[in-house]
Amino acid sequence: MWLLGLPWALALLVTMASSGLSVDPPDPASIFADLSPEELRAVRTFLMGRPELGLSPSQGGPLAKNSLFLVELLPPKKRSALRFLEHVGARPRREARAIVFFGAQAEPNITELAVGPLPHPSSYRVLGFKGGRAVPFSARPMTRLEYELLYEALVAAMAPLEPLLREATGFGFQNCSERCLTFSDIAPRGLGPGERRTWLVIQRFVEGYFLHPAGLEVLLDHQDPDPRHWAVRQLWYNGRYFGSVRELAESHMRGTLPLARLPEPPTRHLFSSYEPRGRFASGTPTEVHGAKVCEPQGQRYRLRGNRLEYGGWSLAFRLRSSAGLQLFDVRFGGERVAYELSVQEAIAFYGGHSPAAMQTKYMDAGWAMGASSYELARGVDCPETATFLDAHHLLDADGPVRFRHALCVFELPTGVPLRRHFDNDFQGGFHFYAGLEGRALVLRTTSTVYNYDYIWDFLLYPNGVLEAKVHATGYIHATFYTPEGRRYGSRVHSHLLGNIHTHLVHYKVDLDVAGSGNSFETMDIRFENISNPWSAGARVVQPWLHREPRCREREAALPLGRPAPRYHLAVTRRHENEPSSSSIYTQNDPWDPPVTFESFIRDNETIEDQDLVAWVTVGFLHVPHAEDIPNTATPGNAVGFFLRPFNFFNEDPSVASRAPVIVRPLDPPTCSRLEIRHWTPPSPGACVHPEPFTYNGTY
């Protein structure tokens, strides 16, 4: 058995390469590898050459056009992949998933295509959603072109407010150079299907502009594909609503508008910057390097294309543009324990007094969080010893774009032993000491979705435990402070409200434990009060283990809270037409999305001895506070879950490691002569303490 570890229950399932990497074709992991730049270009060239599609370049031109938005790998069907991995079937046909915006037609829509075979595509077919759902054009993610047009429309509309903005903030939209205003946009973009009305938070464009709202929020209607028909529908300034730009401008001219005057931002030590300021009270040095990770005898992991091996672990990985990290064919000791483990969605629900704050329900797959994988800094984002990998994305672009050092792999000392024991002789000495250092292999990437930075980790431990973890950092999503806003967060700076919000992250866990035919049960602790069998008249209160088989999908959906259909954990039967729990279209059409997770369990199928998927939700409530300035820190802002073997092995599989240390006295109880046994070199090398390992053990 493998244990799915959650903080509130015991749940049991019983029974990428970066395109910049050199992919070794014979390696089976390559069927899951991300598309290479050559493959991405080949798909685009093929589709651009199909006259019936009528595609135009992504950049420039009108919004009402047919354009290619996204190209990424279309993973093979599981049955075909397993037959190939088990050497009983042919290599699956390699295909791409292409998303096309059809805007230049009477009924605009979004269509997904399967394009292949790669590397030389010659055909395509339409990919459908479960139930034959169509994707309306209004559900499309934002593009760079639409943002450019949105900014132009905003600048034109704000012209009458230039005197107000200059007087209140010292910044403006018109003829600005270094003292410009910018905006952050909010989603969903409306209150119902088909709408595209976006609240824009106006901000001073300084370092960390997310923390510099000007007190003005603007509702801009950009539903029409023709930008000439776009218009400002409403405004909010310093706690008051206005029906038009003219109404707000006239209120300012009459002198009846309470201005929110912002202080001049300093040229140095701006509160939203990372520039050091202040001193620690202890006086201990911070201007010297701290502890570092080192590999004294070289790497203890192997990376071949998109195949990663470490100790008993072996897996394939990719970084999909749409939603991020995805593991396939996860094995320990040569036996598959999971077919797929992947990030599905990251959501942040906000509350606030201003219209932008109360409207914010971010669903980051809709912002292509997988393609927001910007460069990782050596020695900060990952240790200096890490292996860095590039990624290539074709998203809202006219060719593949290289993202340098988008992923990293490194071995991490956990700082705590994996296991240890001091066997006391209770005479001032010991019978033996034994310990095994704590290490884990980390596969990491990040998603910087505008203000927030998510750090995505998969950690592999030598005892067969796998951890999925995400840290939240970056800038908080903040709005302009008003006294009425205090009930929705904290005043984190003079004119700044840190708005309360909840982070939820969704994962797909397709476990295959001893094969694909699995069942699901939960274990819980109950208590009994019984007569003591060895002492008449006495009673014993003790725990016992209650096992409950979950036979159907409804029984296996364990809710976070009622009545909303949101689950800590839900286990469903696997279907090829249910590959993901969310989509890039949900953000802009959450009212009628093409993918609804509730439909996965609505039919309440049996889940006994079936191919099952566990859908895991983790999250936390964030009440921003002054210490979130300039950025939210990672300690205390990380969530995740564990996959743990549970009676799967005969013993802890980490006994295969040659890294333990065993110390036995040769002259007990004196313990003056010791036998020290270790299977690694006596000293790790100069990068750590140069002395060989020693031990005394007496007290």
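**View 1. Domain 1 and domain 3 of the protein chain.** The C-alpha centres of domain 1 and domain 3 lie 24 Å apart, the domain bounds being taken from an automatic or database domain assignment. The contact between them, where contact means heavy atoms within 4.5 Å, takes 31 residues from domain 1 and 31 residues from domain 3. In this assignment, domain 1 covers 28-127 and domain 2 covers 144-254, while domain 3 is made up of 304-348, 362-418, 433-481, 499-517 and 550-650. The model shown here is predicted, so that local features need pLDDT of at least 70 and side-chain atom pairs count only at pLDDT 80 or more, whereas totals for chains, interfaces and linings use all residues. Residues are numbered from 1 along each chain as its sequence is written, and side-chain values use heavy atoms, with hydrogens and water left out.

**View 2. The open sheet with the order β8-β9-β10-β11-β12.** This sheet has 5 strands, and their pairing is antiparallel; strands (E, at least two residues) and helices (H or I, at least four residues) are DSSP runs, numbered from the N terminus, and two strands pair if DSSP finds at least two bridges between them. Because β8 (181-185) and β12 (240-242) stand at the edges with a single partner strand each, one side of each is left without a neighbour in the sheet. Neighbouring strands of the sheet are turned by 25 degrees against each other on average, direction ignored; axes are lines fitted to C-alpha atoms, for helices over the stretch in contact, and angles run from 0 to 180 degrees between N-to-C directions. Strand β9 (residues 197-204) runs antiparallel to β10 (residues 213-221) and is joined to it by 6 bridges, and leucine 200 stands opposite valine 218 in β10. Helix α3 (residues 144-157) lies across β8, β9, β10 and β11 (231-237), and runs at about 125 degrees to β8. In the loop between β11 and β12, asparagine 238 has a phi near 50 degrees, which is a positive value in a residue other than glycine.

**View 3. The open sheet with the order β21-β22-β36-β37.** Here 4 strands form the sheet, and the pairing is antiparallel. The edges are held by β21 (419-424) and β37 (674-678), each with a single partner strand, so one side of each is left without a neighbour in the sheet. On average, and with direction ignored, neighbouring strands of this sheet are turned by 10 degrees against each other. Between the antiparallel strands β22 (residues 430-436) and β36 (residues 660-665) there are 4 bridges, and the bridge partner of glycine 435 in β36 is valine 661.
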